[in-house]
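Okay, thanks for having me, everyone. Let me put the structure up, and then I'll walk you through the parts I picked out.

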Amino acid sequence: MQNYLLNRRYVVSQLLKDRKNSLIINGLGGTCWDVASLGDNELNFYVWGGMGNSCMIGLGLALSQPKRKVIVITGDGEMLMGIGSLATIAVKQPKNLSIVVFDNELYGETGKQKTHTGHCADLSAIAIGAGIKNSSIIKTNDQLLFLSSNINLIKELTFSQIKINNEEGPLVLPIREGAYIKTRFRKAVLGETALLE
Amino acid sequence: MNENTLKINLNWPLKIYEVLKENNIRQIAYVPDSGHKSLIQYCQNDTNMNMVSLTTEEEGMGLLAGAWLGGEKGVLLMQSSGVGNCINALASLTRACNFPLLMLVTMRGEWNEFNPWQVPMGKATEKVLSALDINVVRCETADEVQDTVYAMMGLAYKSNSATAVLLSQRLIGSKTFKE
């Protein structure tokens with residue numbers, strides 16, 4: 001494994017520094033704790049299960065809320081499990097969706113086994129191949145800061161694969177009751193009346 | 001005798017489309033399927049419906065969960081074999097969060113099936129869905145489709161339930177594999 005420069009907690013803090021009213025979907029495991037480490041927010045939908053579907057949740061949300069920015073922050077293992085969703089999302093080209101993959105080349109939650117990106121899989125190339133033209137790989141702080149300063153302004157479907165190192169931050173677990181996370185999120189986005197329909 | 005003697009002259013795909021329209025269904029997740037060919041066409045012609053073609057059926061659980069988070073209703077159109085692809089997403093996302101879900105499933109592997117590879121999943125479909133505590137109703141005839149879809153839509157979206165309507169192979173007609 002290469003020793004990448006970027007630390008995941010630093011990356012998430014930069015990405016969501018000016019999140020405003022962005023809607024955040026995380027992946028399973030590490031990226032869930034990363035998002036939670038910045039403090040709880042009712043515009044976070046914390047995904048704790050159904051591995052491989054984070055980007056699709058992001059697509060359904062982006063299509064239903066075209067005026068809101070939707071950011072999916074997931075890991076390389078979760079992305080690989082739902083790799084076909086990149087082709088599905090590329091067909092729709094939602095302008096308000098950005099997919100960010102924290103790629104440490106490891107399945108962190110299961111004992112740090114090497115993922116396919118640690119061998120030969122190139123996620124940003126796969127995203128381009130699927131039809132996501134604005135696809136990039138990020139390894140330096142300058143590249144990260146460029147992304148974080150633009151992510152809320154970009155009016156285009158984007159895919160960013162951020163190579164991160166193996167350093168972990170303190171374990172921060174968010175709320176995990178799915179029905180509550182769902183209903184709280186809907187109330188925050190749609191207002192109280194949505195719960196009375 | 002015609003193989004599909006019960007396929008009476010009632011346009012049930014159009015009736016389903018009308019129920020979807022009436023209920024303001026906006027996101028149509030689908031895996032192309034000959035049994036749903038007409039319904040897919042009706043929905044494609046409706047500019048208020050957003051068609052999302054999936055690479056595998058389990059993407060539908062994520063899509064429709066996201067749609068509901070953003071305030072839109074949807075439906076998933078697929079074939080019985082696709083139910084097998086959905087199991088963990090149904091359990092660990094849809095059921096775990098009490099997301100509403102309506103699946104319209106065309107059946108294979110039963111009435112006059114030509115392809116033996118379709119039979120095991122066809123036989124397992126209803127049992128698998130029931131094992132996940134999903135509300136399942138079968139339609140055998142065209143005249144019951146409209147009411148059934150309407151009722152399961154209500155159960156899904158009024159009561160946060162996961163539902164499936166199984167459209168029997170006897171209803172849709174068996175695939176002939178002829179030009």
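So, to start: where is A:Thr117 found? A:Thr117 sits in the loop between strand S6 (113-114) and helix H6 (123-130) of chain A. Helices here are DSSP runs of H or I with at least four residues, strands are runs of E with at least two, and both are numbered from the N terminus.

Before I go on, some housekeeping. This is a predicted model, so local features need pLDDT of at least 70 and side-chain atom pairs count only at pLDDT 80 or more, while totals for chains, interfaces and linings use all residues. Residues are numbered from 1 along each chain as its sequence is written, and chains are lettered from A and ligands numbered from 1 in the order in which they are written. By pLDDT I mean the predictor's confidence in each residue, from 0 to 100. The model scores are ipTM 0.97 and pTM 0.96.

Is A:Thr117 buried or exposed? A:Thr117 counts as buried, because 22 C-beta neighbours fall inside 10 Å. The cut-offs are 20 or more other C-beta atoms within 10 Å for buried, 12 or fewer for exposed, and partly exposed in between, with C-beta atoms placed from the backbone. Setting aside residues up to four places away in sequence, A:Thr117 touches A:Asp76, A:Asp103, A:Glu105 and A:Leu123. A contact means two C-beta atoms, again placed from the backbone, within 7 Å. For A:Ala188, 71 residues apart from A:Thr117 along the chain, the C-alpha separation is 36 Å.

Now the sheet. Chain A has an open sheet of six strands, in the order S2-S1-S3-S4-S8-S7, with parallel pairing. Two strands pair if DSSP finds at least two bridges between them. Strand S2 (44-45) and strand S7 (134-138) of chain A are at the edges with a single partner strand each, so one side of each has no neighbour in the sheet.

Look at strand S3 (residues 70-75) of chain A. Six of its six residues are buried, so S3(A) is largely enclosed by the rest of the structure. As a reminder, in a regular strand the side chains alternate between the two faces of the sheet. In S3(A) both faces are covered: A:Val70, A:Val72 and A:Thr74 are buried on one side, and A:Ile71, A:Ile73 and A:Gly75 on the other.

Going through the pairings, strand S1 (residues 23-26) of chain A runs parallel to S3(A) and is joined to it by four bridges. There, A:Asn26 has A:Ile73 as its bridge partner. S3(A) and S4(A) also run parallel, joined by six bridges, and A:Gly75 is partnered with A:Phe102 in S4(A). Then strand S4 (residues 97-103) and strand S8 (residues 158-163) of chain A pair in the parallel sense over six bridges, with A:Phe102 opposite A:Ile162 in S8(A).

How many other C-beta atoms lie within 10 Å of A:Ile73? There are 28, so A:Ile73 is buried. Leaving aside neighbours within four places in sequence, the contacts of A:Ile73 include A:Val12, A:Ile24, A:Asn26, A:Val100 and A:Phe102. A:Arg184 is 111 residues apart from A:Ile73 in sequence, and the two are 20 Å apart in space, C-alpha to C-alpha.

Next, a helix pair. The axes of helix H1 (residues 8-15) and helix H7 (residues 141-150) of chain A come within 8 Å and cross at roughly 30 degrees. Those axes are lines fitted to C-alpha atoms, for helices over the stretch in contact, with angles from 0 to 180 degrees between N-to-C directions. A:Val11, A:Gln14 and A:Leu15 in H1(A) meet A:Leu144, A:Leu145 and A:Ser148 in H7(A).

Last, the other chain. The contact between the chains takes 27 residues from chain A and 28 residues from chain B. On the chain A side, H3(A) gives the most, with eight residues. Chain B itself has eight helices and six strands. Its C-alpha trace spans about 50 × 35 × 25 Å along the principal axes, and buried residues make up 49% of its 179 residues. Chain B averages a pLDDT of 93, with 94% of the residues scoring at least 70.

That's my tour, thanks.
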